[in-house]
Every structure is written in C-alpha cells, then in structure tokens.
Amino acid sequence: MRRGNIIKLVALVLLVAVAVGLSIKPLVDPEKGILLGLDLRGGVHLVLQAEPNEDGTPITRDDIDKAKAIIEKRVNDLGVSEPIVQADYNKNRIVIDLAGVTDPDKAVDILKTTAKLTFRDPQGNIVLEGDDLKDAKGGQGQQQGYVVNLTFSSEGAKKFGDITTQLVGQRLGVYLDDDLLTNPTVNTPILNGQAEITGYGTLEDAANHAVLMRSGSLPVSMSISEKRQVGASLGVDSLNRSINAGLYGLIFIFVFMLAFYRIPGAVANFSLFVYGLIVLWIFWMFRVVLTLPGIAGFILSVGMAVDFNIIIYERIKEEIRAGKSLRAGVESGFSRAFITVIDAHVTTLIAALTLFYFGTGAIQGFALTLGVGIVVTLFTGITFTRQVLRWIVGISPKMNPTWFGVRRDV
Amino acid sequence: MKTGHPETNDGVKKIHPLYFNIMKRRYWWFALSLLVLIPGVISLLMQGLNLGIDFKGGSMLDITFNKPVTQAAISDTMKSVGLEGPVQLSNGDTSALIRTEALEEEKRNELLKALQTNVGELDKDSLRDDKVGPAMGQELTRNALWALLIATVLMIGYITIRFQFVFAISAILALLHDVLVVVGVFSLFQWEIDSTFVAAVLTVFGYSINDTVIIFDRIRENEGKMKRADSYEDMMDKSVWQTMRRSINTSLTVLIALLSIFILGGESTKLFSLAMLIGVFTGSYSSLFIASPILLEMKKRMKKLRRGGKAVRV
C-alpha cells in the first residue's frame with residue numbers, strides 16, 4: 001500500500017512534468033499556437049458600417065454578403081494567418097480582425113477603399129466600368145520595373161479594344177470613385193483583353209493596385225465606424241509584460257500555498273499546473289483568441305482554482321481538529337467543500353454564460369476564459385487533487401497532521 | 001458520515017486570536033461603506049465618469065517618438081492641420097497620447113505626417129491608434145448593462161433555489177455595493193474609463209458573488225443545525241469566522257496576482273488592474289462585513305413580521 005502510493009505519486013509527477021514540457025512548444029507556437037488578440041501582438045480591428053443608400057433603397061442581406069465576399073478577397077491578399085471577417089446583418093456591419101498583420105496602415109488603406117472602379121478618357125468620361133475587368137495581377141515587367149496585368153471579360157475585351165484603338169497616344173485614367181489611381185498612356189490598341197500597366201517602382205506597389213482593381217467595387221458604400229490599430233512591437237510589449245506579471249503572481253501563490261498548507265499546498269500547486277495545462281489546451285483546441293480582458297478572466301479563474309483548494313484544506317483542517325483521522329478528514333472535507341464550491345461556481349458560471357451570450361467583443365473574451373476556467377477548476381479539483389491527496393494520506397496512517405497545516409494542540 | 005461542526009463560538013475565538021464580533025458592529029461597517037459610497041455617488045451625479053473614446057467616440061493616438069518631444073510642438077502641429085485635443089506625455093517625454101475627434105483616415109495620415117516632419121521621427125511599430133464612432137460607444141455600454149442585468153436576475157433565481165430569497169437579495173446588494181465603490185472611486189478621481197474597465201467591473205462582479213456565496217454556504221449549513229435557543233446573530237458571526245481563514249487567504253492570493261499585474265503590467269493595463277484591485281478588495285470586504293450583516297438585518301425584520309410585529313430576541 002505504502003510503496004505503491006509513492007510510486008503512483010512519483011509517476012504522476014513525472015507524467016505531468018513531461019506533459020508540461022511537451023505542451024510548451026505547440027501552445028506558444030506563433031503560427032499554430034494559442035491565438036493572441038491584436039492587443040497582444042499588434043494588428044487591426046475594423047468595423048465597417050454600411051451607409052444608407054443615397055436613393056433611399058434599403059440595404060439588403062445580399063449587399064452585405066457581397067461586400068463581405070469582396071472584403072474577404074482583399075483580406076486574403078494581405079497574407080494574414082487567421083483573418084476574421086464577420087457580417088452583422090442586423091446592423092449592416094462587417095467586422096474585420098487582423099491580428100498580427102505586419103503593416104496595419106496598409107491593411108486599413110486597402111480595406112477602407114470602398115470605391116467604384118472606372119476607366120475614363122482624358123475628358124473624364126467613363127468609358128469602362130470595373131465589372132468588365134476579370135482579373136488584375138501584380139508582376140515583373142518584360143523590360144524593367146513592375147507591372148499590373150489586367151484581364152478583361154470577353155465583353156470587356158471588346159470594349160477595351162475599341163477604347164484603346166481610339167485613345168492611342170492618349171491617357172486612360174483608372175479611377176476609384178473620383179480618385180485617380182493611375183493614369184497610363186495607351187501605346188497600342190489592345191484587342192485580346194490582356195493589358196499591362198507599366199511603371200511601378202516595386203512589386204508591392206503593383207500588387208496593391210492590382211488588389212484594388214481586382215476586388216472591384218463594394219455594392220454599398222461603407223465607412224469605418226470603429227478602428228483599433230496596435231503596432232506590432234507595442235503588442236509584443238504588452239504580452240511580455242503580462243506574462244512577466246503573471247509569472248511573479250504565480251510564484252507568490254506557490255510560495256504562499258506551500259508556506260501555509262505544507263503538503264496539501266504542494267498538491268495545490270501541482271494541481272494548478274494541471275489546471276493551467278487543461279485550460280490552455282482548451283483555448284488552443286477551440287481557437288480561443290486571448291486578449292487582455294481574456295487574461296483578466298483567466299487570472300480570476302486561477303484565483304478561483306486556488307480558492308477551491310483553500311476551501312478544501314481549511315475544511316480538512318476543521319475536520320481533523322474536530323477529531324477525525326487524516327483520511328476521514330480528507331474524505332469528508334472534500335465532499336463538504338464540494339457542496340460549498342459548486343454553488344459559488346455555478347453562480348459565477350451563470351454570470352459568465354450570460355455575459356458570453358449577450359456581450360460583444362471584449363466582454364465575450366472575458367466571459368469565455370472565465371467560464372472555461374470555472375469548469376476546469378471543478379474538474380481538476382474533484383478528480384486530480386482529490387486522488388493525489390488520497391494517495392498521500394494512504395501512504396501512512398501515522399502521518400503528522402502538522403504537515404497539513406493543523407496544530408493539534410489548539 | 002458525520003460532518004459536524006463542533007466548534008462553538010468559544011472554539012472560533014480560540015483559533016482566531018484577533019476575534020471580534022462582526023455582527024454586533026454591523027452598523028459600523030455600514031457606516032464605513034457609506035463613507036466611501038456617498039462621495040462616490042455624489043461625484044457620479046455631479047461630474048459623472050471620465051469617459052474615454054470607447055464610450056463617447058473619437059480618436060486616440062498613442063505615439064512613440066525616437067527622441068523626447070514637447071507638448072507645445074505636438075499641440076502646434078495638431079493646430080496646423082486643424083485639430084485640437086489634449087496631449088499627454090509619458091515615458092521620459094517620448095510617448096504622446098493624443099485625443100481628438102474621430103478622424104477620417106486621410107486626416108489621421110495627414111496628422112501623422114505633420115508630426116513626423118515637425119516634431120520628430122516616430123516609431124511606427126509602437127503606434128496605437130483607436131477610432132470609435134459615437135454610436136459604437138453607446139452600444140458597448142448598453143450591451144454590458146443588459147448582460148449584467150440578465151445575469152443578476154438569473155443569479156438571484158439560482159441562489160433563491162439553492163438558498164433562500166433573502167440570501168439572494170443580500171448577495172446582490174453586496175455585489176451592487178462593490179460595483180458602486182469601483183465606479184464611484186473612478187468618478188471621484190476622474191480616472192479615464194475605457195472598454196477594459198467594463199471587463200474589470202465584470203471581474204469584480206464574478207469574484208464578489210463567488211466570495212459571498214462561499215460564506216452563505218456556511219451560514220446555510222449552520223442554520224440547519226441551530227437549536228431553538230441559539231441566536232441567529234451568533235450563528236452568523238460564527239459562520240463568518242469559520243470561513244475567515246479561507247476568506248483572507250483567497251483574497252490575499254488574488255490581490256497579490258492583481259498587484260503584480262498593476263506593478264509590472266505596463267501603462268496599458270494600469271487602470272484596468274487598478275479597477276480590479278479596488279473591486280476585489282471591496283468584494284472580499286463586503287462578503288464579510290456587508291453581505292452577512294444585510295442578511296441578518298433582513299432575517300430579523302422577517303421574523304418580526306412573521307410574529308405580527310412583536311419584537312423577539314434573535
């Protein structure tokens with residue numbers, strides 16, 4: 001009995017140590033690890049609000065869907081790892097989250113452009129519209145510099161052929177709404193629907209223009225009603241500080257629990273590792289995006305996890321003081337503490353669920369981490385902590401109660 | 001299995017050298033709370049809260065320069081592009097926090113360009129730039145308030161089922177007390193609140209109710225074991241003291257974790273963690289000194305009502 005329990009405990013410690021060791025890398029992997037919100041790694045959050053149409057026609061679900069598809073296309077061209085584009089049909093909004101985008105300014109620049117693409121002759125008459133353009137790509141020019149290659153639809157190709165025939169030697173302006181995007185000169189008539197705009201200094205410039213031309217115009221005019229932009233190094237700074245602060249906080253909790261509760265304190269610290277591991281893996285599995293308010297929820301849940309342990313140990317102490325043996329004290333302490341904790345946790349869980357259901361953005365992030373934390377606290381408490389404590393008190397019936405922080409004399 | 005609590009009040013006193021009767025002094029605690037609550041509420045009514053752009057809309061730019069800059073240089077530059085608003089310098093005058101009306105992208109870029117040429121080289125990677133349209137801010141507040149209201153109703157329902165209605169009302173009153181203290185203090189000192197403040201208040205909301213229910217659980221347990229001659233007041237006092245170690249230890253661990261975030265967490269989380277610190281401290285305090293005394297008051301009144309207004313010893 002005695003040796004068996006010690007072996008089990010040692011095996012468990014090793015198992016958890018290995019699990020922690022193996023988890024660090026996949027969890028903090030910048031690509032596939034736990035997702036960090038833009039406040040922790042930089043990026044842009046945009047809410048685009050569809051403006052009411054000038055002629056008074058209502059904005060349809062279809063309009064928003066189309067706008068969303070076009071914006072998604074633009075977002076994908078930005079090369080962000082996990083962009084989020086959501087449509088809110090009730091409020092005619094599109095919400096875009098680009099955490100980790102390297103150049104937020106550029107992203108906003110490309111996304112905010114909601115204009116209609118047109119080709120105009122030197123007199124300013126619209127000769128061709130964006131609908132006729134099938135594709136636009138940035139690329140290397142045949143001679144030097146970079147170009148945008150345009151491909152027109154079959155109908156567009158015909159129109160474009162006529163226009164370029166008329167305008168040889170003149171300029172053909174490419175406009176987004178009333179803003180001139182580029183103003184190339186027509187060198188020769190282009191009849192096959194394949195045009196090339198030359199003269200770009202960098203591939204990036206060419207590619208940016210290509211995105212704007214390709215994604216065409218949005219069906220509704222949209223304005224930025226909310227923007228949150230965080231520079232990359234600022235986000236990283238916040239993350240490092242939070243981790244640093246969390247680490248010191250944890251170290252204190254560990255020391256405190258050890259000093260106050262001795263053996264059970266060590267068990268609590270051990271359980272906290274298991275708790276943290278489970279919570280972080282759940283975040284990873286469900287692609288939970290961790291933000292600063294989310295971290296607050298997580299800290300609160302760590303506090304509750306520690307609280308569960310404290311409640312149990314205080315109860316065990318009470319039971320032992322009342323004359324129970326260690327083993328009986330652990331059993332009755334656990335079952336009684338569980339009733340205590342379940343009511344408190346269910347109450348808080350109700351709050352977390354309501355906030356998650358009715359809240360938005362930051363509130364949801366907070367509620368989610370808190371809710372997950374509470375459920376996992378209960379789970380690790382009644383399975384893991386309890387079993388470990390049982391094994392420990394099973395080692396020897398003559399264990400000294402002072403190891404459990406109990407003073408027999410009082 | 002017997003899970004009794006043989007401790008009498010004397011037993012409790014022996015374990016806690018600093019024992020004092022909490023219930024008997026309940027009007028002291030009410031007075032102490034009012035001392036904090038009343039100025040806060042007056043301040044809330046008189047000057048309200050210092051709402052950040054998250055609530056009232058606007059643009060906020062947090063710019064880091066490569067060299068120390070002056071406030072005048074930034075203000076002048078803002079004026080040159082037709083903008084005005086408060087400027088706050090920090091980090092050895094290398095960081096500037098600019099608040100102004102909600103800027104269109106063109107205007108924002110114009111401002112940044114002007115700052116770059118007139119004030120000094122700025123670090124693009126450390127830029128923080130928030131823009132909130134006025135409608136969005138109202139939505140945030142409305143959503144949060146609705147969510148809190150619904151959560152409160154549901155929690156009252158749950159506590160009523162598991163405990164009694166008076167327990168639920170006492171817990172919610174204590175909760176309201178905690179939230180009011182945090183909001184009141186922020187109004188009093190005119191600290192700016194943003195959307196993370198809402199998260200902080202929510203944290204307090206979650207913590208406070210949890211903390212209170214733990215103590216109520218002990219009262220519920222001891223209530224069941226009361227003998228006819230026992231006074232309710234003594235039983236509650238005993239219950240609060242029986243859970244005292246746990247209350248202190250738990251709030252200590254949570255407060256220290258928050259304190260380390262407050263000290264080490266950097267500028268962006270300062271007010272956020274401060275709100276949580278105040279809230280968690282108040283939440284721990286109110287669980288011991290407000291929630292249970294309110295419950296006692298209500299129990300006493302109910303008993304009087306039940307006995308047809310005749311005063312009884314409780």
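1. Overall shape of chain A. A compact globule of 410 residues would have a radius of gyration near 22 Å, but chain A reaches 31 Å. The radius is taken over C-alpha atoms, and the globule rule is 2.2 Å times the number of residues to the power 0.38. Along its principal axes, the C-alpha trace of chain A spans about 105 × 50 × 30 Å.

2. Ground rules. This is a predicted model: local features need pLDDT of at least 70, side-chain atom pairs count only at pLDDT 80 or more, and totals for chains, interfaces and linings use all residues. Residues are numbered from 1 along each chain as its sequence is written, while chains are lettered from A and ligands numbered from 1 in the order in which they are written.

3. Make-up of chain A. Chain A holds ten helices and 13 strands. Helices (H or I, at least four residues) and strands (E, at least two) are DSSP runs, numbered from the N terminus. Of its 410 residues, 44% count as buried. Buried means that 20 or more other C-beta atoms lie within 10 Å of the residue's own; exposed means 12 or fewer, and partly exposed is in between, with C-beta atoms placed from the backbone. For contacts in chain A with a separation of 6 or more, 71% involve residues 24 or more positions apart. A contact means that two C-beta atoms, placed from the backbone, lie within 7 Å.

4. Domains of chain A. Chain A is divided into domain 1 (2–38 + 231–404), domain 2 (43–114 + 222–230) and domain 3 (116–217). These bounds come from an automatic or database domain assignment. The centres of domain 1 and domain 2 of chain A, taken over C-alpha atoms, are 39 Å apart. Their contact takes nine residues from domain 1 of chain A and ten residues from domain 2 of chain A. On the domain 1 side, β1 (35–36) and α7 (232–285) of chain A each supply at least two residues. α7(A) gives the most, with three residues.

5. The three-stranded sheet. In chain A, three strands form an open sheet in the order β7-β8-β11, with antiparallel pairing. Two strands pair if DSSP finds at least two bridges between them. The edge strands are β7 (133–140) and β11 (194–200) of chain A, each pairing on one side only. β7(A) and β8 (residues 146–152) of chain A share seven bridges. Here Ala136(A) stands opposite Leu150(A) in β8(A). Helix α6 (residues 203–214) of chain A lies across β7, β8 and β11 of chain A, at about 175° to β7(A). Axes are lines fitted to C-alpha atoms, for helices over the stretch in contact, and angles run from 0 to 180 degrees between N-to-C directions.

6. Chain B. Chain B has eleven helices and six strands. Its radius of gyration is 25 Å, well over the 20 Å that the globule rule gives for 314 residues, so chain B is more spread out than a compact globule. Its C-alpha atoms fill a box of roughly 85 × 40 × 35 Å along the principal axes. Buried residues make up 43% of the 314 residues.

7. Where the chains meet. 61 residues of chain B are in contact with 62 residues of chain A. On the chain B side, the elements giving two or more residues are α1 (9–15), β5 (128–132), α6 (134–162), α8 (195–224) and α10 (244–264) of chain B. α8(B) gives the most, with 15 residues. By class, this side has 31 nonpolar, 18 polar and twelve charged residues. Ala, Val, Leu, Ile, Met, Phe, Trp, Tyr, Cys and Pro count as nonpolar, Asp, Glu, Lys and Arg as charged, and the others, Gly among them, as polar.

8. Eight strands form an open antiparallel sheet in the order β3(A)-β4(A)-β2(A)-β12(A)-β5(B)-β2(B)-β4(B)-β3(B). Its edge strands are β3 (84–88) of chain A and β3 (87–90) of chain B. The twist averages 15° from one strand to the next. Arg228(A) stands opposite Asp130(B) in β5(B). β5(B) also pairs with β2 (residues 58–64) of chain B, over five bridges. There, Asp62(B) stands opposite Arg128(B). α6(B) packs on the sheet, touching β2 (43–50) and β12 of chain A together with β5 of chain B.
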